[in-house]
Every structure is written in C-alpha cells, then in structure tokens.
Amino acid sequence: MTNGNAWDADELVRAARLARDLRAQVGADARIFAARAPGRVNLIGEHTDYSSLPVLPVAIDRATIIVAAANMSGELFVRNADPAWPARTFRIERHIPPFETGDWANYVKAAVQGLIDHFAARGASVSQFRGGAAIVDGRVPVAAGLSSSAALTIAAALSFMALNSLTLPPLEAAQMAARSEWYVGTRAGGMDQAASLLGRRDHALFIEFDPLRVRPVKMPPEAAIVVADSLEVADKSGRVRSEYNRRVVECSLAARILGHALGFDNARILGDIVRSAGRIDAASLERTLAENSPAELATDLNDAARILGGDRETLARDLLGEGPHRIILDARPLKVPARARHVLGESERVLRAVDALEAGRLDELGLLMNASHASLATDFECSTARLDALVEAARRGGALGARLTGAGFGGSIVALCRADDAARVIAQIDRDYYAKLDRQTQHARAVLHAGPGADVIELAAA
Ligand code: GLA
C-alpha cells in the first residue's frame, strides 16, 4: 500500500500544502504521513453487496487526503481543511462512543474503531495505539452517491495505521473496513470500501463477497463515464438511512423465506441462497418466492414468523439487531418478492455486464445499465423523479445507458457513453436538467476516470 504511483501531481501538491500546515502545529521533527482514498462510482450491481452478491464499481479520480502525525496524547485530533466541518478530538479507547448522528468525524471514528477491533482480536491492547493530529481534505462530492464517506473512512484507516506502524494487505483491509458504515447505523455492504482500497487505474472492479475477491476489468479506451449529481441530498444519516436499512431487512426476509422453501435453513442473505443453489437463477428463485410470500408483509413480522414457522421475537432480534443501532421500521408493509426480484436480476446483470465489458460490447453494457435503473425504480423503489429525469436526459444526449448510482433516494446518476459523445451527453443534461435549477451547477457533472486505489506515504521533511 505504499505505491507513490497512486498519487497524481495535484494530490501531491495538496498533501504537501496540508503537511506544511500540520507541521506548524506538530513541530519540525515530527514524521508526517499522507493517505489518499478515492470515492467510487458503481457501474452496475446496486443494492447487491449487503446480500453478498456481486458489484462492478470503479474507483474515481477524486480522493480524500489526510495528513497525520503521531503523538502520545492518547487522543486523535482531526481538523478539516473545509471550515464547514468543525474540528473534533476523541480518545482512543476500546469502545469509542460516536459523536452525534450526522457528525462528519464519525467516519474517522468508524475507521479507528474498526482497526482497534481488528487488532484487538489478534491480541493487541488498546493502550498500544498512538493518537495524533490530522488534517482532512476531501474532494469527493458529499452526499452525492460517490462514497465520500468510504473515502474518508479509508483515508482515516490508512493514516491511523501509519501512525501506529501497522499494515494490512489491501484485501484484508477491505474486509476489515467492509462493515465500517455499521458504526454510523447503516447496514451497508462492503462495496465502497473495497472499491476505494482496491481501485485500479483504467479498470472497473468485478467484486464478489464472502470471501472478498476482486478482478479488475479493463475499461475500453473508447468508453467514457459521465456522472451527474441530482443535487438532491442523499444524506445517509437521515431518511436515506432508514430506507436503506428497510431494504436490508426486506432482502434478508426474502433469503429466509427462500431458504425455508428450498431447505437451506441457515440462509440469512440472498447470497447464501445463490451459493447453496450453486448459481444465480433469478427467474426460478423469483417463482419460488412468489409461491411462498405475499407481495407485502406486516412490519410487526407476524406474517413472516408464520411463514418461517418460528418465533416472532427471535426473528425481530435477528433481523433488526439490538441496542442503539436496532433498526426501527415504520408501519408501511415490507415488500419482499419485489426487492428480491431486483437483487437477483441485478446480480445476473452484473455477470453479463462483466462479460460485455471484457469483450468491449459497450452497447450491451448500456442496455444492462438501463435495465438496472428500471428495476431500481420499480422493484426497489429507490429512484426519485429527479434521478429519473437525469437518466432520461443522459439517454437523450446519446448515452448508451444510464442509471442511478449508489444507494439512490437522491445523489448521482452514472451514464456510459462513447468518449466522443461525452460532451454531447453533458450538454443535454445541462439543457434538460440543470438549466431548470436556479444555482451554480458547473461542478455537478463531469467525466470521471477509473483511478488507482487508496495509498499512504511518508512525506519527507520540508
Ligand atoms: C451505499 C452503500 C453500499 C451499497 C450501495 C448500494 O453506497 O454504502 O454498500 O449498498 O449503497 O448499492
């Protein structure tokens, strides 16, 4: 993970500037480390990762940088180059209590907690960890579905490891960080952290889970990735989080009901069903589920317990968790077959998309992306009118395919087009979408490139 090649010239300048600032605080002799971690845009495979089913993201050429120096205070002091995010200090302890919901520095805490858990399980004592001072400079758009949170978490994890002279192989680090969003109460899968750590320049990443595996797939040079932000804030600490966690519950119920029907009684997530069955056969699994589950189930989980022949309280505890991060469901019924239809169909689309990309069949990849969006909009119900409008605009502008990317409920779309058509796609999006908004939107859309994964280096004294 010390691959200076991951840094572009601009990032090195940013890091050097931050280091000068930090040195003023920590003194001329301190060793200063710099970590960079990119955001990601997911080409296809949406809402599949927490079922341990495959995804196809790219790490993007926008990264969060953290410079850090160790000290013996037992605390970590983090400052953000953007004054909109207030400086925070916290104690390095075995169980680090989170700041208030929505606080940016909870992602730093999530990283540190993840590492403490990881190394404690291998015999380390929390008193061995050094604290320090750090400055964060994020360039991944926030709340836009491009994983600024994973970029921050991974940059924080690499910095904290560097302060403590620890290293982990990238795959192990990705596995360790996979559940970092659980710390802030989102039951997310491991796609974002894996993409940020394992990104490869000019490559998409075919990622499979349980165990985590990554195969880089070359992006054909004639392909361009356009990302456009709806500017509808997909704030993961509020409504998006409760919608997201509700989808996690619905997908897990689908797995349990399918498992019960098929005799795979230990199935907890849809990936378990696929692994037990030996392959993804979406059509047949959808049929089995439709025969065994009504379209809607009551949130009190009585229907579900009846179908599964078990005890409602135990089921509720297993599905919703316990303690402060217990998932609270509102009274709307749970939609199990429709959610599973999306996840299983999407997983098949990912496999076809990998084949199409490897063979350079961009038209086919575009069609799969369109099908993904339709499924996310109707079966998964995580699109919005604005995301739909952006997707339409991109297609009208000549995109081969377009879809929402990330969790949805706001955030960004991703469009695939021929490199020669990228300017036309953007012009159409400007006309059809941004021209109607009364605000500065120059930075809201861009052609993004598949960039390298996260990295940490030591900066030489100035
Ligand atoms: C968010 C989560 C990811 C993934 C996507 C949806 O980005 O952090 O783990 O579930 O949503 O595909």
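Which side chains meet in a salt bridge with 2.7 Å from N to O? In this predicted model, the side chains of E11 and R36 form that pair. E11 belongs to helix 1 (residues 9-26) and R36 to strand 1 (residues 32-44), so the bridge ties together parts that lie 25 residues apart in sequence. E11 has a relative accessible area of 3% and is buried. R36 is also buried, its relative accessible area being 1%. Side chains of opposite charge can pair when their charged atoms come close.

The structure holds 33 salt bridges, and two further examples may be followed in the model. One of them joins R247 to E243, with the closest N and O atoms 2.9 Å apart. Both residues lie in helix 6 (residues 239-262), where 4 residues, about one turn of the helix, separate them. R247 is buried, with a relative accessible area of 2%. For E243 the relative accessible area is 9%, and this residue too is buried, because buried means under 20%.

Another salt bridge brings together the side chains of R403 and E346, at 3.9 Å from N to O. This pair links distant parts of the chain, since R403 is in strand 11 and E346 in helix 11 (residues 336-358), 57 residues apart. R403 counts as buried at 0% relative accessibility, and E346 is buried with a relative accessible area of 0%. Salt bridges also form a network: through shared partners, E243, R246, R247, D330 and R332 are joined into one.

The next topic is the arrangement of domains. The domain assignment of the protein gives domain 1 (9-39 + 60-199 + 452-459) and domain 2 (240-338). Their centres, taken over C-alpha atoms, are separated by 34 Å. Domain 1 contributes 9 residues to the contact, and domain 2 contributes 10 residues. Between them the two domains bury about 680 Å², of which 46% is on carbon and sulfur atoms. On the side of domain 1, G185, T186 and R187 supply 69% of the area buried against domain 2, more than any other three residues. The count of salt bridges between domain 1 and domain 2 is 0.

Two helices may now be considered in turn. Helix 3 (residues 148-163) has 16 residues, which should span 22 Å at 1.5 Å a residue; its end C-alpha atoms are 22 Å apart, in agreement with that value. The helix is mostly covered, with 16 of its 16 residues buried. After helix 3 comes S165, whose phi is positive, near 50°.

Helix 13 (residues 385-396) consists of 12 residues and reaches 16 Å from its first C-alpha to its last, close to the 16 Å expected at 1.5 Å a residue. Its buried residues are L387, L390, V391, A393 and A394. Seen down the axis of helix 13, these residues fall within an arc of 160°, so they line one face of the helix. The face turned away from this buried side carries the exposed residues A385 and R396.

What do the buried residues of helix 13 pack against? Their partners are strand 8 (223-229), helix 12 (362-378), strand 11 (401-405), strand 12 (412-418) and helix 14 (422-432). Just after helix 13, G398 takes a positive phi of about 110°.

How values were computed
Residues numbered from 1 in each chain as written. Predicted model: local features only at pLDDT ≥ 70, side-chain atom pairs only at ≥ 80, totals over all residues. Heavy atoms only, no water. Expected span 1.5 Å × (residues − 1). Buried < 20%, exposed > 50% of the residue type's maximum accessible area, 1.4 Å probe, protein only. Arc of directions from axis to C-beta. Contact = heavy atoms within 4.5 Å. Domains from an automatic or database assignment. Buried area = accessible area lost by both parts, 1.4 Å probe. Salt bridge = Lys/Arg side-chain N within 4 Å of Asp/Glu carboxyl O.
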